[in-house]
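Here is a short report on one protein model.

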Amino acid sequence: MREQLTALRREMAKRGIDAYIIPTTDFHGSEYVNEYFKCRQYVSGFTGSAGTLLVTGKWAGLWTDGRYFLQAAAQLAGSGIELMKMNHKGVPALEDWLEQNLAAGSTVGFDGRVVDLACGRRLEKTFRLKYDEDLVGEIWFTRPKLCGNRIWALPQSATGESSESKLERLRRAMAEKGADYHLITRLEEIAWLYNLRGSDVAHTPVFFAFALISRDEDRLYVLDESFAGRKTRPYFEVFRDLGELPPGRILLDTASVSYTLVRLLPPQVAIIDAPDPLEAMKAVKNSTEIRCSENAHLKDGLAMVNFIYWLKSNIGKIEMSEISAADYLEVARREQPGCFDLSFATISGYMENGAIVHYAPTAESNKKLAPRGFLLVDSGGQYEDGTTDITRTIALGPLTQEMKEDYTTVLKAHLALAMAVFARGTSGKELDEVARRPLWARGLDFDHGTGHGVGHILSVH
């Protein structure tokens, strides 16, 4: 049993809380978070980037997806926390579990600043909520401080469009929906809108901020108030300002906006629940962004070629490990012009470790490399002109017949997707099936998505 779990239950008992929810996110619904927000990791010991922890007086469970089943099973062993495999038969969603196992009227607690509105609204129909309870903050005595780092501006030579132009387009989208205000909480959207970047989240060049846009004003709330390029407001003032909004209609996305932020809105402010228009706007890359991204990938490709040449030339001649290989690749990237960071921690998995999706080598798991078998390397870089993500499975020497057959099957899947001809309007889900067919033919599959978008000098996801 983890000490943190016991300490959390003591705090729950003091406040009469029957169940407590700890998601993996921040005040902005982010996938990758600052050290301050790693509450679920602190309590559970599970280090994956996705998962929600639920704790009751006598039971605890962690919900995560197929990318992390192997990792979570290992890290939760002996913790007193049960692994709940999302989307698997017989495993209820977290809200369903609560409704099945807690009596109506029971008290459910969480920090409403990190729980999305959709979840909070569902739970409030059945349970009594205490949504202003940051219980992990009460037991995490060495919790890192929440502070903002330097914010910097991207040149238009990298963005292809001014912030003023983007704001004008956004206001047109607001007008089409009849919105007087628009609350933006996603860090990537805010960074894209203002052509600004930061380093408040590891490997993701964003900064902690909220934006509140009206027809004639835009308010940018930031932690780093030293930024002189634009008028800003203190970060936490957004919580006060939302509560003082004049009557009108506010556009926001209830799938990402936190429960607390919406509860703060005055009753005379009506909600327009719709996806943030910026999400679609930034998804369509302009010619400058495309050209810059292509240039970033050329440099990244050169770094990868240098790395693979070094690996193939020296395997079995010098001592290598998963970590030392990842370190060499990082150096190769940073030698390229304009590379200022990795786009995520390098996944370097040798042999069976390569089967652990989103595996991160540690001092305990770090395998030595030998001139045989596969090394899987999933990595990327942040450049001044783009963000990259590339995966390679590299043969270090002789392979088993099973390895050859599996590798060839995955290659067939890649080729099937690359050569697919499809009609306008075809969904990603339909193309996902194209990629899986060669695996299905052999009775194989994988428990995660086939692909994802990549931000422009933003989040790798």
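Is Asp218 buried, exposed or partly exposed? Asp218 is partly exposed, with a relative accessible area of 23%. Buried means under 20% relative accessible area, exposed over 50%, and partly exposed in between, with a 1.4 Å probe and protein chains only.

## Basis of the model

This is a predicted model, in which local features need pLDDT of at least 70 and side-chain atom pairs count only at pLDDT 80 or more, while totals for chains, interfaces and linings use all residues. Residues are numbered from 1 along each chain as its sequence is written, and side-chain values use heavy atoms, with hydrogens and water left out.

## Salt bridges

A search of the whole structure gives 33 salt bridges. The term stands for a side-chain nitrogen of Lys or Arg within 4 Å of a carboxyl oxygen of Asp or Glu. One of them joins the side chains of Asp218 and Arg230, at 3.5 Å from N to O. Asp218 lies in strand β11 (residues 218-222) and Arg230 in the loop between β11 and β12 (233-234), so the pair ties together parts 12 residues apart in sequence. Helices (H or I, at least four residues) and strands (E, at least two) are DSSP runs, numbered from the N terminus. Arg230 is partly exposed, at 21% relative accessible area.

Asp385 and Lys299 form another salt bridge, at 3.2 Å from N to O. Asp385 sits in the loop between β18 and β19 and Lys299 in helix α13 (residues 287-314), so this pair ties together parts 86 residues apart in sequence. Both Asp385 and Lys299 are buried. Asp341 pairs with Arg334, their closest N and O atoms being 3.5 Å apart. Here Asp341 is buried at 18% relative accessibility, whereas Arg334 is partly exposed at 38%. Salt bridges also link Glu217, Arg219, Arg233, Glu237, Arg240 and Asp241 in a network.

Strands of a sheet pair through backbone hydrogen bonds, either parallel or antiparallel. Two strands count as paired if DSSP finds at least two bridges between them.

Four bridges pair β16 with β17 (residues 374-379) in the antiparallel sense. Gly349 stands opposite Leu376 in β17. Ile347 and Gly349 point one way from β16, Ser348 and Tyr350 the other way, and all are buried. The loop between β16 and β17 holds Val357. Val357 is partly exposed, at 23% relative accessible area. Its C-alpha atom is 9.4 Å from that of Asp447, 90 residues apart along the chain.

Another open sheet of three strands has the order β15-β18-β19, again with antiparallel pairing. β15 (339-342) and β19 (386-387) are the edge strands, each pairing on one side only. β18 (residues 381-383) and β19 are joined by two bridges and run antiparallel. Tyr383 faces Gly386 in β19.

## Strand β8

Which residues cover the two faces of β8 (residues 181-184)? Tyr181 and Leu183 lie on one side, His182 and Ile184 on the other, and all are buried. β8 pairs with β10 (residues 209-214) in the antiparallel sense over four bridges, and Ile184 stands opposite Ala211 in β10. With β13 (residues 248-252), β8 runs parallel, joined by two bridges. Tyr181 is opposite Ile250 in β13.

## Surface patch

Tyr407, Leu411, Leu415 and Met419 form a nonpolar surface patch, with about 410 Å² of accessible area together. Met419 lies in the loop between α15 (401-418) and α16 (428-440), and is exposed at 63% relative accessibility. Patches use residues with over 30% relative accessible area and no salt bridge, joining like charges within 9 Å and nonpolar side chains (Val, Leu, Ile, Met, Phe, Trp, Tyr) within 5 Å. Accessible areas come from the Shrake-Rupley method with a 1.4 Å probe; for residues, only the protein chains shown count as cover.

## Cysteines

The structure holds zero disulfides, a disulfide being a pair of cysteine sulfur atoms within 2.5 Å. The sulfur of Cys119 is 16 Å from the closest cysteine sulfur, in Cys39, too far for a bond. Cys119 is buried at 11% relative accessible area. For Cys292, the closest cysteine sulfur is in Cys339, 15 Å away and too far for a bond. Cys292 is buried, at 9% relative accessibility.
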